[in-house]
Amino acid sequence: LREGSKRPFDDVGNGRVVAVVGAGPAGMEAAVTLKQRGFHPIVFDKGEQIGGNLHIAKKPPFKGKFEWAVDYYKSMFTKLGIEVRLGKEVTSEEVLELKPYSILIASGSNPTNPPIPGLDQVTVYQSHDVLVQDMQFSGKKIVVLGGGITGLETALYINRQGNNDVSVVDMLPEWPIAMTDLRYQQEALLEVRHCNDQGVKLFYNNKVAKYEDGKVVAESTIDGSVTELPADIVIMSLGVKSDDALYQELLSKHPSVWKAGDALGIGKINKAVLHGSKFGYALT
């Protein structure tokens with residue numbers, strides 16, 4: 001929501017090539033800003049379309065308007081003639097072949113997978129894959145591990161599909177209680193309320209100990225009591241970690257390598273857009 005306060009664009013790029021790895025919010029905003037300043041951004045993404053995590057964000061109930069952001073960037077890429085190379089994970093050698101003036105790594109993040117005994121005995125999916133691939137379930141007992149915003153959204157998404165019995169387990173206190181950033185407290189309150197209203201069972205203050213005999217076994221972090229939740233499917237939503245491997249590889253090979261978005265630090269979409277905008281303006 002800072003579009004109206006953008007500084008005037010100084011046309012100093014002189015057609016110099018900037019490699020942008022990742023077509024999520026950070027990479028897209030950087031590319032648009034760089035092109036408007038006269039640089040020649042070349043955007044790489046292993047996905048088949050630009051948008052990155054916006055395609056995840058738009059899937060849960062009530063979040064469809066995130067598609068508007070994808071449409072905006074698609075329109076701007078076409079309008080500005082930004083070069084995009086999709087469908088392949090780019091290597092450091094391929095980036096350096098461009099002889100780029102600068103490189104921005106906006107490669108996002110990867111899911112974390114803490115070891116939980118017994119999960120090899122049950123079907124396990126990542127929340128990311130459930131949303132992106134529009135997975136459909138019916139008549140299943142499903143336990144979502146992780147009660148953050150994404151975990152709650154995934155639970156609601158599955159709960160609306162049909163006759164599924166959906167539970168969420170998280171070792172932390174309930175989101176609105178534990179939340180220290182008031183900017184996102186309202187969103188958390190809404191998601192928890194939706195879950196309560198729509199029959200999604202929430203088990204906060206519970207640590208998953210194992211999967212055994214067709215059940216997720218959780219132990220209370222308050223009194224040690226045990227809860228057993230029957231599960232045909234387990235969905236992991238236990239957070240993500242930055243994917244900056246390509247950044248680390250290129251650091252010793254090029255004098256101007258930067259990172260943005262989740263590759264720099266896990267955060268919200270608006271923060272990723274801000275990273276991309278700042279890089280696009282700062283490059284001289």
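Predicted model: local features only at pLDDT ≥ 70, side-chain atom pairs only at ≥ 80, totals over all residues.
Helix α1 covers residues 25–36. A simple length check comes first. At 1.5 Å a residue, the twelve residues of α1 should span 16 Å. The C-alpha atoms at its ends lie 17 Å apart, which agrees.

A residue counts as buried when its relative accessible area is under 20%. Ten of the twelve residues of α1 are buried, so the helix is largely enclosed by the rest of the structure. The buried residues are Pro 25, Ala 26, Gly 27, Met 28, Glu 29, Ala 30, Ala 31, Val 32, Thr 33 and Leu 34. Their cover includes three strands, β1 (17–21), β2 (40–45) and β4 (102–105). It also includes the helices α2 (54–57), α3 (66–80) and α10 (269–282). Just after α1, Gly 38 takes a positive phi of about 95°.

Two packed helices are described by the angle between their axes and the distance between the axes. The axes of α1 and α3 cross at roughly 30° and come within 10 Å. Angles under 35 degrees count as roughly parallel. The two helices are therefore roughly parallel to each other. Their crossing is left-handed. On the α1 side, the contact is made by Pro 25, Met 28, Glu 29, Ala 31, Val 32, Lys 35 and Gln 36. On the α3 side, Tyr 73, Met 76, Phe 77 and Leu 80 take part. By class, the contact has eight nonpolar, one polar and two charged residues.

A second pair is formed by α6 (residues 149–159) and α8 (residues 185–197). These helices pack at an angle of about 30°, with their axes 10 Å apart. Helices α6 and α8 are therefore roughly parallel to each other. The crossing of this pair is left-handed. Helix α6 contributes Ile 149, Leu 152, Glu 153 and Leu 156 to the contact. Helix α8 contributes Glu 187, Ala 188, Glu 191, Val 192, His 194 and Cys 195. These residues divide into six nonpolar, one polar and three charged.

Leaving aside residues up to four places away in sequence, His 55 touches Gln 49, Ile 50 and Val 70.

Note on methods: Residues numbered from 1 in each chain as written. Heavy atoms only, no water. Axes fitted to C-alpha atoms, helices over the stretch in contact; angles between N-to-C directions. Helix = DSSP H or I, 4+ residues; strand = E, 2+ residues; numbered from the N terminus. Parallel < 35°, antiparallel > 145°, perpendicular 65-115°, else oblique. Left-handed = near helix turned anticlockwise from the far one by under 90°. Contact = heavy atoms within 4.5 Å. Nonpolar A, V, L, I, M, F, W, Y, C, P; charged D, E, K, R; others polar. Expected span 1.5 Å × (residues − 1). Buried < 20%, exposed > 50% of the residue type's maximum accessible area, 1.4 Å probe, protein only.
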